[in-house]
Amino acid sequence: MRWSTLKYFFREARTSLARNRLLSLATATTVSICVFILGLAILLYMNSGEVIHKLESDVEIVAFLDKDLSPRERDQLQDLLTHNPQVLSVTFVPRDQALKSLEKKLGDREYALMETLEGNNPLPDSFKIKARDPQKVASLAATIGKLEGISKLRYGQDLVRKLFTATRWIRIISLFIVVFLGMAAVFLVATTIRLTIFSRRKEIYIMKLVGATNRFIQAPFFLEGMALAAAGTFFAIIFLACGYYYLIDNVKPALAFLPLITDNRVLLELFLSLAGAGIGLGIIGTFISVNKFLDV
Amino acid sequence: MLVQTYNVSKMYSNGVKALSDVTLKIDRGEFVFLMGPSGAGKSTFIKLLMREELPSRGQIFVAGRSVVRMKSGDIPLLRRNIGVVFQDFKLLENKTVFENVAFAMQVVGAPPYQIKARVEETLTMVGLKGRESSFPSQLSGGEQQRVGIARAIVNHPLIVIADEPTGNLDFDTSWEIMDLLAEINKKGTTIIMATHAQDIVRRMRKRVIFLEKGAVVSDSVGESIA
C-alpha cells in the first residue's frame, strides 16, 4: 500500500472523529467504562479465585481415633493414609496437644474449662488430613470414615460447598455484566460509524463511481472505530492499573492474609488482553455498520 | 464495439418495468444522446452500464466484458473506465476545486506526483486554470459543472456518461458545457448524454436514442426527433 494512501486513510478518520466530536467522546467513554468494568470483573474473579484457592487448601479432614488404638496400630493407619493417592499430607495430633489448642481457642474461659475437666482430657488422638484435590474432600472423607480404628470424622463440608457455589455465581454474574457492557460498547461504536457513514455518503457515492475498491472505501471507517475503541481502552487500563496498584500498596499491608495477585507478569498479560478486547469491540462495531449501511 | 446490450429488461422489485428488451450497440468514439420523457428508462440504462443495478434479463457488455456476470471485486475496475457527470454536479463542498478533482485519482490509488500533474492539466483543459483553490460555493453553475467534468475525465475513462449535465444551467452556459463535451469526444472519449434539451440535440447533429416506456422507439442521427 502506498504511503500517500495510508496518510489519506488517517486524515479521513481524524477528520470525521473531529466532526462528530461529542459522539466520539461518548463512544470512547462507553468503551472505556466497559473495558474498565471488564477489567474490574476479571481482577475480582482472579483474586477471589486466589482467596478460594487458599481457603480450599485450608480445608482439612480431622479423623478422631479409637481410644484403645495401640501405637503400632496407629502407625499402620497413618501409613495407610499417607499412601492413599488422594491424600496430600497426614499430621498426627496427640490428645494433649488437641486439648491445648482447644484451650487457646477458648481464650479467657481457659480456667473454667480446666476446672470443669478436673485434669481429665476427654479428647481422643486425631489425624489432620489434607486432600490433594480440595474439590474431592467429601469422597475422600467417606473412604477414610470406613477405615478400622477411626471413630469419627469432621471436615468443613458446608464451607467447601458454599465456596464452590460462591465461585460459580461470581463467574456467572461477571460474565453476564461483561457480555452486557460489551454489547453496549459495540452498539455505540456501530452508531458512531453509522453517523460517519451518513455524513459522508456523498463522498462514498463519488468514490464508488470513480472506481475506488470496497476495501479502500471501508478502511477509514475501521481506522476510526479502532481509534475510538483504542482511546477508550487506553484510559480504562490506566485507571484500572493505577487503582489496582494503589490497592496493593495500601491494602495489602493491612490485610496481609488476603492473597491479592501482585505478579506483574500476570497483570501485564491481563492489561494487554483488555487492550485487545477493547479494540476488538471497535472492530466488531465498525464491521456491523459498514456491512449494514455502507452500500458498496 | 464499446457498449453492447442484448434484450435487456429491468423490472424493479416494486413492479415498475423500467426497461424492456433494449438491444443497442455504441461504438468507441461515438457521441450519443439518450432522450425520452421522465420515467422512460434513461437513468436505469445508465445505472445498468455502471453496474449500480443488474438487469432482470439480457446481457450487457462494456469494453468487451460482461457487466452482468462480473464479480463484485471487478466492479471498481469497470467504473474506472467510466466517468460520470451529474445534473447537480455532486461536488464535495468542503474540498477545493483541485481537491475535488484530485479526489477521483486519490481513491483509485494514484501516486501524488501523477495526481498533481494530471489534475492541473485537466483543469487547464476545462478552462479552470487559476481557480484551483476556490471552493465550489465560490463558483458559478457552469464553473461547477466544469469541475464535475474534470473529475469525470481525470482518470482518462473510455466513456463519459453525462446525466442531464445542462439541466441546471442557462442557455449560454449550457452551450459552453456542450462545446467542452464535444472537445472531449474529439479526443476519442465516447460520450453518452441523457438530456431533455431538444435544441441542443438538434444542433449537435449526433446519434439520438429515443426511449419511451422502457423501449427504444427510435435510433437515428440528426434532427429527426419524434
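## Salt bridges and polar contacts between the chains

Across the interface of chain B and chain A in this predicted model, the rule finds zero salt bridges, a salt bridge being a side-chain nitrogen of Lys or Arg within 4 Å of a carboxyl oxygen of Asp or Glu. Three residue pairs, both members at pLDDT 80 or more, are in polar contact between chain B and chain A. A polar contact is a pair of N or O atoms within 3.5 Å; within protein, one atom must be able to donate a hydrogen and the other to accept it, and residues adjacent in sequence count only if both atoms are side-chain atoms.

## Conventions

The model is predicted, and local features need pLDDT of at least 70, side-chain atom pairs count only at pLDDT 80 or more, and totals for chains, interfaces and linings use all residues. Residues are numbered from 1 along each chain as its sequence is written, chains are lettered from A and ligands numbered from 1 in the order in which they are written, and side-chain values use heavy atoms, with hydrogens and water left out.

## Extent and composition of the interface

Contact, meaning heavy atoms within 4.5 Å, involves 25 residues of chain B and 18 residues of chain A. The two chains bury about 1,800 Å² between them, with 61% of it on carbon and sulfur atoms; buried area is the accessible area (1.4 Å probe) that two parts lose on being put together, summed over both. On the chain B side, the residues that lose the most area to chain A are Arg79(B), Phe103(B) and Val107(B), together 27% of what that side buries.

Helices (H or I, at least four residues) and strands (E, at least two) are DSSP runs, numbered from the N terminus. The elements of chain B that give two or more residues to the side touching chain A are α2 (75–79), β6 (82–85) and α3 (97–106). The largest share, three residues, comes from α3(B). By class, that side of chain B has 14 nonpolar, four polar and seven charged residues. Here Ala, Val, Leu, Ile, Met, Phe, Trp, Tyr, Cys and Pro count as nonpolar, Asp, Glu, Lys and Arg as charged, and the others, Gly among them, as polar.

## Chain B overall

The secondary structure of chain B comes to seven helices and 10 strands. Of its 226 residues, 54% count as buried, where buried means under 20% relative accessible area, exposed over 50%, and partly exposed in between (1.4 Å probe, protein chains only). Chain B exposes about 9,800 Å², of which carbon and sulfur atoms supply 48%; accessible areas come from the Shrake-Rupley method with a 1.4 Å probe, and for residues only the protein chains shown count as cover. Among contacts in chain B with a separation of 6 or more, 69% are between residues 24 or more positions apart.

## Selected residues of chain B

Most residues other than glycine have a negative phi. Asn7(B) has a positive phi, near 45 degrees, and is placed in strand β1 (residues 3–11) of chain B. Asn7(B) is partly exposed, with a relative accessible area of 38%. Phe89(B) also has a positive phi, of about 65 degrees, although it is not a glycine. Phe89(B) lies in the loop between β6 and α3 of chain B and is buried, with a relative accessible area of 10%.

Asn185(B) belongs to helix α6 (residues 171–186) of chain B and counts as buried at 10% relative accessibility. A polar atom of the Asn185(B) side chain lies 2.9 Å from the backbone oxygen of Thr189(B). Not counting residues up to four places away in sequence, Asn185(B) touches Gly29(B), Glu30(B), Phe31(B), Thr190(B), Ile191(B) and Lys206(B).

## Helices of chain A

Thr192(A) is found in helix α7 (residues 157–199) of chain A and counts as buried at 0% relative accessibility. Its side chain makes a polar contact with the side chain of Thr27(A) at 2.5 Å and reaches the backbone oxygen of Leu188(A) at 2.8 Å. Beyond four places away in sequence, Thr192(A) touches Leu23(A), Thr27(A), Glu224(A) and Leu228(A). Ile33(A), in helix α2 (residues 21–58) of chain A, is partly exposed, with a relative accessible area of 45%. Ile33(A) and Leu181(A) are 148 residues apart in sequence and 8.4 Å apart in space, C-alpha to C-alpha.

Helix α8 (residues 201–210) of chain A is mostly covered, with seven of its 10 residues buried. Among them are Glu203(A), Lys208(A) and Val210(A). Gly211(A), with a positive phi near 95 degrees, follows α8(A).
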